[in-house]
Amino acid sequence: MTIDQIQNDIVDEFSEVDDWMDRYAMIIDLGNNLPEIDEKYKTPDHLIEGCQSRVWLNAELTPEGKVHYTADSDAIIVKGIISLLIQVLDNQTPDDILNSNLHFIDDIGLSEHLSPTRSNGLLAMVKQMRLYALAFQAKQNMK
């Protein structure tokens with residue numbers, strides 16, 4: 001499934017719910033269902049700078065040339081946000097990740113319903129995910 005197809009599915013799912021408290025509940029549920037990150041990645045090296053909460057992110061390049069992300073956070077709403085980002089970007093190629101326009105964030109109204117510090121954290125998460133993709137792209141190009 002392409003990044004745009006996944007984003008459209010998320011937009012459709014969120015459009016069925018009008019109330020933002022219910023949308024927050026959906027995001028929290030996503031966080032609760034986020035697969036566990038290996039404890040060995042819960043280190044300062046994997047913490048995302050710029051987040052008010054602690055967010056650990058790891059990325060690996062699969063043999064098929066796709067990026068696989070795992071993450072965790074000590075804040076439940078943030079854990080749901082990183083879960084959404086992983087849902088969109090996981091198992092995509094570095095090129096696709098770097099060329100993606102993550103429109104779902106605005107389309108579901110997430111950016112306008114986050115506090116300024118959470119919005120900064122969201123941008124930091126996206127930036128770090130793209131930095132991983134950029135590093136993997138450079139590694140692939142060196143072969």
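## Helices and selected residues

In this predicted model, helix α2 runs over residues 20–32, and its 13 residues, at 1.5 Å a residue, should span 18 Å, a value with which the 18 Å between its end C-alpha atoms agrees. The buried residues of α2 are W20, R23, Y24, M26, I27 and G31. Because these residues fall within an arc of 155° when α2 is seen down its axis, they line one face of the helix. The cover over that buried set includes α1 (3–15) and α3 (76–89). At the start of α2, a side-chain oxygen of D19 comes to within 3.1 Å of the backbone nitrogen of M21.

I3, I6, Q7, I10, V11 and F14 are the buried residues of α1, and since they fall within an arc of 140° in a view down the axis, they line one face of the helix. Among the elements that cover the buried residues of α1 are α2, α3, α4 and α5 (104–107).

Helix α3 has 14 residues and reaches 20 Å from its first C-alpha to its last, which is close to the 20 Å expected at 1.5 Å a residue. Twelve of those 14 residues are buried, so α3 is largely enclosed by the rest of the structure. The buried residues of α3 are I77, V78, K79, G80, I81, I82, S83, L84, L85, I86, V88 and L89.

| Helix pair | Packing angle | Distance between axes |
|---|---|---|
| α1 and α3 | about 140° | 8 Å |
| α1 and α2 | about 135° | 10 Å |

The angle of about 140° between α1 and α3 makes α1 oblique to α3. In this pair, I3, I6, Q7, I10 and F14 of α1 meet L84, Q87, V88 and L89 of α3. The helices α1 and α2 are likewise oblique to each other, and there E13, F14 and S15 of α1 meet R23, M26 and I27 of α2.

Several single residues deserve a separate description.

After α3 comes N91, which is placed in the loop between α3 and α4 (94–98). The phi of N91 is positive, at about 60°, although N91 is not a glycine. N91 is partly exposed, its relative accessible area being 40%.

S100 is found in the loop between α4 and α5, and at 13% relative accessibility S100 counts as buried. When its neighbours within four places in sequence are left aside, S100 is in contact with I3, L89 and R130; I3 is one of the buried residues of α1, and L89 is one of those of α3. A polar atom of the S100 side chain lies 2.7 Å from the backbone oxygen of I97. S100 and S15 are 85 residues apart along the chain, and their C-alpha atoms are separated by 21 Å.

R118 is found in helix α6, which covers residues 116–141, and R118 is partly exposed, with a relative accessible area of 23%. What does R118 touch, not counting residues up to four places away in sequence? The residues in question are Q52, S53, A75, I77 and V78, and I77 and V78 are among the buried residues of α3. With S53 there is also a polar contact between the two side chains, at 3.1 Å. Between R118 and I3, which are 115 residues apart in sequence, the distance in space is 23 Å, C-alpha to C-alpha.

Terms used: Residues numbered from 1 in each chain as written. Predicted model: local features only at pLDDT ≥ 70, side-chain atom pairs only at ≥ 80, totals over all residues. Heavy atoms only, no water. Helix = DSSP H or I, 4+ residues; strand = E, 2+ residues; numbered from the N terminus. Expected span 1.5 Å × (residues − 1). Buried < 20%, exposed > 50% of the residue type's maximum accessible area, 1.4 Å probe, protein only. Arc of directions from axis to C-beta. Contact = heavy atoms within 4.5 Å. Polar contact = N/O pair within 3.5 Å; in protein donor to acceptor, adjacent residues only side chain to side chain. Axes fitted to C-alpha atoms, helices over the stretch in contact; angles between N-to-C directions. Parallel < 35°, antiparallel > 145°, perpendicular 65-115°, else oblique.
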